[in-house]
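Please keep the sequence and the structure in view while reading.

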Amino acid sequence: FLTMMHWSLKRQSSWVQLAGHQGIKGGEVLKLYSELEAKCLDSLMRDPLRPFVPQYYGLVTRGEHCYIRLEDLLNGLRRPVIMDCKMGVRTFQEEELIKAQTKPNLRSDMYQKMVKVDPSAPTAEEHEQKGVTKWRYLQWRDTTSSTSTLGFRIEGIMMEDGTVQRDFRKIHTLTQITEALLYFTRSQLDTLNAYHSRLVDLKDALRSSEFFRKHEVIGSSLLFVHDHSKASVWMIDFGKTMPLPDSKEVQHGIPWVEGNREDGYLIGLTSILTALSQAISLAEGQQEGS
C-alpha cells in the first residue's frame with residue numbers, strides 16, 4: 001500500500017516517502033534493503049531501461065539495517081506534484097498463489113478486509129465460515145480496482161499543497177482515469193504532452209529491454225512527477241519483480257492465466273497512454289474554448 005510522507009515547506013526540495021523509502025541524504029533516497037530489488041536495480045543499470053529508473057548507488061549500512069541507495073527523483077523540483085500508478089493486471093506473484101493454494105487455510109483477517117470493501121463479495125459459505133483463503137483474497141483484491149480491467153491502478157496523488165488522495169479504488173474506466181489525469185495535471189497541456197512523450201519513449205525502451213523480457217514485473221509502479229517547469233515518469237519498486245526460469249520469456253501484453261507468468265505491464269502502459277491522449281484532446285478543447 002502506498003505510504004506518502006507529507007513534504008516540509010522548510011525544505012528547498014520537497015520529497016515523498018513511497019513504498020518503503022526510509023530517508024534522504026545529499027540527493028539520495030535510502031530504501032530498506034531487499035535482495036531481489038537490489039539485483040534488479042543492478043541489472044537495470046546495464047539495460048536500455050536505465051534512463052527510466054532512479055540511479056542505483058549501491059548499498060549502505062546504518063546501524064543494524066542495510067539500505068539501497070537511490071537517486072532522489074524529486075531533487076531540484078519546487079512544490080512537486082506526484083502520482084503513483086501500480087502497474088500490471090495482478091499485484092501478486094505466481095509463487096504467492098502457489099503457496100496459498102498448497103495451504104488453503106481460512107483467513108478471518110482477509111475476510112474482514114473483503115467485507116469492509118464490499119459486504120456482498122464473499123460467498124454464502126465464506127460468510128458462514130467468516131473466512132476466505134489467501135488465494136481467493138489475492139485474486140479478488142485486484143478486481144476491486146482498475147488493475148484487472150486496465151492493467152494498472154492509481155495508488156495515490158499528492159498535490160503541490162501537500163494534500164494526499166488515496167481513494168482511487170472506485171476508478172474502473174478510461175474515462176475516469178482521464179478525469180483523474182486532468183485533475184492531477186490541472187489540465188496543463190505542456191505537462192500532459194511531456195508525460196505522453198516520456199511514456200512513448202519508455203514503451204520503445206521496453207521493447208528492446210532484455211531485463212523486461214526475462215522478468216515477471218509485479219508490484220512495480222510508474223512514478224509521475226512534475227512541477228511548474230518540467231515533468232517526468234520513472235519506473236520504481238522492484239521488490240517483487242522475479243527473474244523467469246532459464247530461456248523463458250513473457251510478452252507483458254496478453255492476459256494472465258495461472259502458470260503463464262504474464263503480468264500485463266504493457267496492457268497498463270497502453271491504457272495510460274490512451275487516457276493521456278484523451279486528456280490532451282480535452283485540454284486542447286478547453287484551451288480553445290477559453
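Among contacts in the chain between residues at least 6 apart in sequence, what percentage join residues at least 24 apart? The answer, computed on a model that is predicted, is 70%. The points below are grouped by topic, starting with the chain as a whole.

**Overall build**

- The chain contains ten helices and 13 strands, and its radius of gyration of 20 Å is close to the 19 Å that the globule rule gives for 290 residues, so the chain is as compact as a globular protein of that length.
- Of the 290 residues in the chain, 50% are buried.

**Nonpolar cores**

- In soluble globular proteins, nonpolar side chains tend to be buried together.
- The largest nonpolar core in this chain has 51 residues, and those with the most contacts inside it are Leu49, Ile154, Leu199, Leu202, Leu222, Phe224 and Met235.
- Helix H10, which covers residues 265-289, gives the most to this core, with nine residues.
- Apart from this core lies another one, of nine residues, with Leu77, Leu223, Val225 and Trp234 among them.
- Leu49, one of the residues with the most contacts inside the largest core, touches Leu44, Leu202, Ala205, Leu206, Ser209, Phe211, Phe212 and Met235 when residues up to four places away in sequence are not counted.

**Cavities**

- By class, the lining of the second largest cavity is made up of six nonpolar, one polar and three charged residues.
- Helix H1 (35-44) and strand S12 (231-236) each supply at least two residues of that lining.

**Helix H5 and its cover**

- Helix H5, residues 134-143, has as its buried residues Arg136, Tyr137, Leu138, Trp140 and Asp142.
- The cover over these buried residues of H5 includes helix H2 (94-102), helix H3 (108-117), helix H4 (124-129) and helix H6 (147-150), together with strand S7 (132-133) and strand S8 (152-158).

**Val89, a buried loop residue**

- Val89 lies in the loop between strand S5 (81-87) and H2, and because its relative accessibility is 14%, Val89 counts as buried.
- Leaving out residues up to four places away in sequence, Val89 touches Asp142, Thr147, Ser148, Gly151, Trp256, Asp263, Gly264 and Ile267; Asp142 is also one of the buried residues of H5.
- Between the C-alpha atoms of Val89 and Asp227, which are 138 residues apart along the chain, the separation is 30 Å.

**Arg169, a partly exposed loop residue**

- Arg169 is placed in the loop between strand S9 (164-165) and H7, and with 30% relative accessibility it counts as partly exposed.
- Not counting residues up to four places away in sequence, Arg169 touches Arg141, Thr144, Ser145 and Arg153.
- The C-alpha atoms of Arg169 and Val117 are separated by 9.7 Å, although the two residues are 52 residues apart along the chain.

**The loop between S13 and H10**

- Gln251 lies in the loop between S13 and H10, and at 55% relative accessibility Gln251 counts as exposed.
- His252 is found in that loop as well, between strand S13 (242-243) and H10, but His252 is buried, with a relative accessible area of 1%.
- His252 has a positive phi of about 70 degrees although it is not a glycine.
- Leaving aside neighbours within four places in sequence, Gln251 is in contact with Glu262 and Leu266, while its C-alpha atom is separated by 30 Å from that of Thr133, which is 118 residues away along the chain.

**Ser187, a further positive phi**

- Ser187 is not a glycine either, yet Ser187 has a positive phi of about 60 degrees.
- The place of Ser187 is in the loop between helix H7 (174-185) and helix H8 (189-207), and its relative accessibility of 21% makes Ser187 count as partly exposed.

Note on methods
Residues are numbered from 1 along each chain as its sequence is written. This is a predicted model: local features need pLDDT of at least 70, side-chain atom pairs count only at pLDDT 80 or more; totals for chains, interfaces and linings use all residues. Side-chain values use heavy atoms; hydrogens and water are left out. Helices (H or I, at least four residues) and strands (E, at least two) are DSSP runs, numbered from the N terminus. Ala, Val, Leu, Ile, Met, Phe, Trp, Tyr, Cys and Pro count as nonpolar, Asp, Glu, Lys and Arg as charged, and the others, Gly among them, as polar. A nonpolar core is a set of buried Ala, Val, Leu, Ile, Met, Phe, Trp, Tyr and Cys residues joined through side-chain atoms within 4.5 Å. Buried means under 20% relative accessible area, exposed over 50%, partly exposed in between (1.4 Å probe, protein chains only). Contact means heavy atoms within 4.5 Å. The radius of gyration is taken over C-alpha atoms; the globule rule is 2.2 Å times the number of residues to the power 0.38.
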